[in-house]
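Here is a short briefing for a first look at this model.

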Amino acid sequence: MKQIKTIVHIHAPIHIVWDALMNFQNYPDWNPFIRSIEWASDSKEQLLITILPPDSQKPMKFNPSILRHETQKEFRWKGKLLMKGLFDGEHYFRLSKLPNGSTAFVHGESFSGVMVPFLKSGLRKTELGFKQMNMALKELCEERFKAIPNPDNLSG
């Protein structure tokens, strides 16, 4: 098993971060890594996700299943490459309120399957993609928070 875990502190209240994160239709406007997330037709548990790894011209598409959707706390899904057990990934976004009212955003994925040892360079690009997305989300949310009158009030 291989794990990627990234953390960024965002100077904005948790509800602003959650709203930006869950507004999938705006992903193409700000997200350099996850280019789109859509609900699969007639499904509350299946997603259609398109990612664009760093230094790649070719998007990758996945159809993961939602494992957890807890408002302002966590969004988690699990996907597979071709068939279960070959290369599986459990992806998550977790948010927590920091003592100063800002938000800790944890973005990670646990990979398992027989192909994991052979895909190390791809996993390095994935981690870079997570970090790029985190910084774009931080910038987006902090700009939105600054636009609010009296932004020092982080209580949201």
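Which element gives the most to the lining of the second largest pocket? The element is β4, with three residues. The model is predicted, so local features need pLDDT of at least 70, side-chain atom pairs count only at pLDDT 80 or more, and totals for chains, interfaces and linings use all residues. Residues are numbered from 1 along each chain as its sequence is written, and side-chain values use heavy atoms, with hydrogens and water left out.

**Pockets**

- A pocket is an open set of points on a 1 Å grid over the protein atoms alone, where a 1.4 Å probe fits, with protein on both sides within 12 Å along at least five of seven lines; lining residues have an atom within 4 Å of a point.
- The largest pocket has a volume of about 500 Å³, a volume being the space filled by probe spheres set on points joined across faces, edges and corners.
- Its lining has 26 residues, and the closest to the pocket centre are Ile 51, Met 60, Phe 62, Phe 87 and Thr 126.
- Helix α3 gives the most to this lining of the largest pocket, with five residues. Helices (H or I, at least four residues) and strands (E, at least two) are DSSP runs numbered from the N terminus.
- The lining of the largest pocket divides into 15 nonpolar, six polar and five charged residues. Here Ala, Val, Leu, Ile, Met, Phe, Trp, Tyr, Cys and Pro count as nonpolar, Asp, Glu, Lys and Arg as charged, and the others, Gly among them, as polar.
- The second largest pocket has a volume of about 150 Å³.
- Residues lining the second largest pocket include Met 60, Phe 62, Pro 64 and Leu 82.

**Nonpolar core**

- A nonpolar core is a set of buried Ala, Val, Leu, Ile, Met, Phe, Trp, Tyr and Cys residues joined through side-chain atoms within 4.5 Å.
- The largest one has 37 residues, and Tyr 27, Ile 34, Phe 75, Phe 93 and Leu 137 have the most contacts inside it.
- The largest share of this core, eight residues, comes from α3.

**Arg 76**

- Arg 76 lies in strand β6.
- Arg 76 counts as buried because its relative accessibility is 16%; buried means under 20% relative accessible area, exposed over 50%, partly exposed in between (1.4 Å probe, protein chains only).
- Its side chain makes polar contacts with the side chains of Glu 74 (2.6 Å) and Glu 90 (2.8 Å).
- A polar contact is a pair of N or O atoms within 3.5 Å; within protein, one must be able to donate a hydrogen and the other to accept it, and residues adjacent in sequence count only if both atoms are side-chain atoms.
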